[in-house]
Amino acid sequence: MSKTEDKNMAENKSGTKFINTHNLTDFSATEALHTPLLETDQLQTLLLNLNSGQLSPSCKMSVPVLYYVIEGEGELLIEDEHYTLGAGSMATVPAEITRRISAATPMRVLGIQVL
C-alpha cells in the first residue's frame, strides 16, 4: 500500500482509500474544526471536532447528510428540535433542512454527503 502525504491516509493500487480518523483529534479553543477527509464527484466526507460548549455553524445542504458520532456527547439541532447524540449515534438529515451540532463534551463527528 502506498502512503499519501498525510500519515493518516493511504491508498492502495486499486484506488481504495484508507483513512485513520483516530489520530485526527485536534480541537480549537475558539471554533469547531472541519477536516475534509475525502472529496470525489460522488462523495464528500469531513471530520467535525467540537470542544465542550461549541456549536457547528448552522447550515442547510442541497443533499442528505449522514452524521456518525465517533466520540463525545451533544445535540443535533434540526430547525427547532433537539436530539441527543452520543458515541455510536448516527443521524441522517434530509436535504434543505437547517441543522447544527452542539457539543456537551469534546465531540468527533463524521459527516458524509452522497452527491
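User: In this predicted model, how many nonpolar residues are in the lining of the largest pocket?
Analyst: By class, the lining divides into nonpolar, polar and charged residues.

User: How much space lies in the largest pocket, and which residues are closest to its centre?
Analyst: The space in the largest pocket comes to about 350 Å³. Its lining is made of 22 residues. Those closest to the centre are His34, Leu46, Met61, Tyr67 and Gln113.

User: Which element gives the largest share of the lining of the largest pocket?
Analyst: Elements that give two or more residues are strand 4 (33–39), strand 5 (43–50), strand 7 (65–71), strand 11 and strand 12 (107–114). The largest share is 5 residues. That share comes from strand 12.

User: Where does glutamate 96 lie, and what accessibility class does it have?
Analyst: Glutamate 96 is not a glycine either, yet has a positive phi of about 65°. The loop that holds glutamate 96 runs between strand 10 (90–93) and strand 11 (98–103). Buried means under 20% and exposed over 50%. At 46% relative accessibility, glutamate 96 falls in between, so its class is partly exposed.

Notes: Residues numbered from 1 in each chain as written. Predicted model: local features only at pLDDT ≥ 70, side-chain atom pairs only at ≥ 80, totals over all residues. Heavy atoms only, no water. Helix = DSSP H or I, 4+ residues; strand = E, 2+ residues; numbered from the N terminus. Buried < 20%, exposed > 50% of the residue type's maximum accessible area, 1.4 Å probe, protein only. 1 Å grid on protein atoms, 1.4 Å probe; cavity = no way out; pocket = protein on both sides within 12 Å on 5 of 7 lines; lining within 4 Å. Points joined across faces, edges and corners; volume = space filled by probe spheres on them. Nonpolar A, V, L, I, M, F, W, Y, C, P; charged D, E, K, R; others polar.
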